[in-house]
Amino acid sequence: MESFAEMKDIVQFILRTDEIERDGSNGSDINIPIYDISSEEFLEFAENAIASETKEGIVNAVSNLKRALDCEMDMFFESINLKRIFDKKNLKFEKKTQFLANIGLFPIQTINKLNFMRNKLEHEYKTPEIHDLYTYYELVWSVIKILDLYLELLYINGEINLVLYIENTEHHFTMKHDIKECAFEFQIIDWTKGKEREQKTLNASLKNQEDVDNFVMAFNIYLLSIQYFDYGNLNLYKKKLRRLIETERV
């Protein structure tokens with residue numbers, strides 16, 4: 001079995017498979033924080049403020065939408081133990097949203113629009129246009145729902161086990177998300193009958209700045225594998241993995 005030096009080597013190995021069998025999963029040790037005010041409550045405050053149709057209400061709606069978004073992102077990053085890293089490096093709003101785009105949770109176009117709307121409403125000293133406010137509300141609402149969904153997927157899929165069939169060989173593939181260490185582990189064991197069992201392991205953790213690209217790639221692979229595990233669409237799984245490594249080369 002070939003060696004795996006980079007995350008893209010894992011992708012190339014998966015792309016060679018003729019068939020992938022889902023072989024069970026285990027939950028994670030994610031600990032979702034509970035805040036006194038949730039992102040959903042901030043959204044409700046914003047919705048009520050918009051309904052007042054007053055200048056004060058519109059201004060309050062902007063503030064509560066910003067709070068809803070910040071609250072949801074903090075909750076998501078704290079749940080997967082990344083908030084401490086972002087806080088330590090004093091990463092701002094745009095860096096956090098860019099990370100969400102980089103790991104495949106949102107198209108970059110959506111993130112750019114979200115950042116534009118937030119900056120426009122935050123830095124212009126005039127009452128926002130109502131259509132801008134509704135657009136911003138819809139964007140924030142979507143972000144919250146999507147982050148909640150992915151957090152649930154990560155919660156119930158702390159470990160994924162697949163069986164990969166390539167020509168006449170069989171490989172057991174285990175992927176683990178280590179919340180405490182901010183790391184992913186990918187382990188492949190050659191399970192082909194009549195052959196000595198060979199094991200290869202590749203890890204990706206986020207400890208230094210130079211780890212970011214590798215960690216982001218690992219996060220993408222893991223999320224795409226969760227989607228495959230839940231829906232079982234092999235062609236779509238491979239298509240998304242190809243796009244992932246093609247995007248990296250651009």
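Helix axes are lines fitted to C-alpha atoms over the stretch in contact, and the angles between them run from 0 to 180 degrees between N-to-C directions. With that in hand, let us walk through this model, which is a predicted one.

Helix 2, residues 39-52, packs against helix 7, residues 130-156, at an angle of about 160 degrees, and their axes lie 11 Å apart. Since angles over 145 degrees count as roughly antiparallel, helix 2 is therefore roughly antiparallel to helix 7. The crossing of this pair is left-handed. Sorted by class, the residues where helix 2 meets helix 7 are 9 nonpolar, 1 polar and 3 charged.

Now turn to another helix pair. Helix 5 (residues 93-102) and helix 6 (residues 108-123) also pack at about 160 degrees, with 9 Å between their axes. Helix 5 and helix 6 are therefore roughly antiparallel too. Here, though, the crossing is right-handed. From helix 5, the residues taking part are Phe93, Glu94, Thr97, Gln98 and Ala101, and they meet Ile108, Ile111, Leu114, Asn115, Arg118 and Asn119 of helix 6. The contact of helix 5 with helix 6 comprises 5 nonpolar, 4 polar and 2 charged residues.

Thr174 sits in strand 3, which covers residues 169-178. Thr174 has a relative accessible area of 13%, so this residue is buried, the cut-off being under 20%. Its side chain has a partner: a polar contact of 2.9 Å links the side chains of Thr174 and Asn161. Apart from neighbours within four places in sequence, Thr174 is in contact with Glu159, Ile160, Asn161, Glu185, Phe186 and Gln187.

Finally, let us step back to the whole protein chain. There are 9 helices and 5 strands in the chain. Read from the N terminus, their order is α-β-α-α-α-α-α-α-β-β-β-β-α-α. Along the principal axes, the C-alpha atoms fill a box of roughly 75 × 30 × 30 Å. The protein chain has 250 residues, and 46% of them count as buried. As for contacts between residues at least 6 apart in sequence, 65% join residues at least 24 apart.

Definitions and conventions
Residues are numbered from 1 along each chain as its sequence is written. This is a predicted model: local features need pLDDT of at least 70, side-chain atom pairs count only at pLDDT 80 or more; totals for chains, interfaces and linings use all residues. Side-chain values use heavy atoms; hydrogens and water are left out. Helices (H or I, at least four residues) and strands (E, at least two) are DSSP runs, numbered from the N terminus. Buried means under 20% relative accessible area, exposed over 50%, partly exposed in between (1.4 Å probe, protein chains only). A polar contact is a pair of N or O atoms within 3.5 Å; within protein, one must be able to donate a hydrogen and the other to accept it, and residues adjacent in sequence count only if both atoms are side-chain atoms. Contact means heavy atoms within 4.5 Å. Angles under 35 degrees count as roughly parallel, over 145 as roughly antiparallel, 65 to 115 as roughly perpendicular and the rest as oblique. A crossing is left-handed if the near helix is turned anticlockwise from the far one by less than a right angle, and right-handed if clockwise. Ala, Val, Leu, Ile, Met, Phe, Trp, Tyr, Cys and Pro count as nonpolar, Asp, Glu, Lys and Arg as charged, and the others, Gly among them, as polar.
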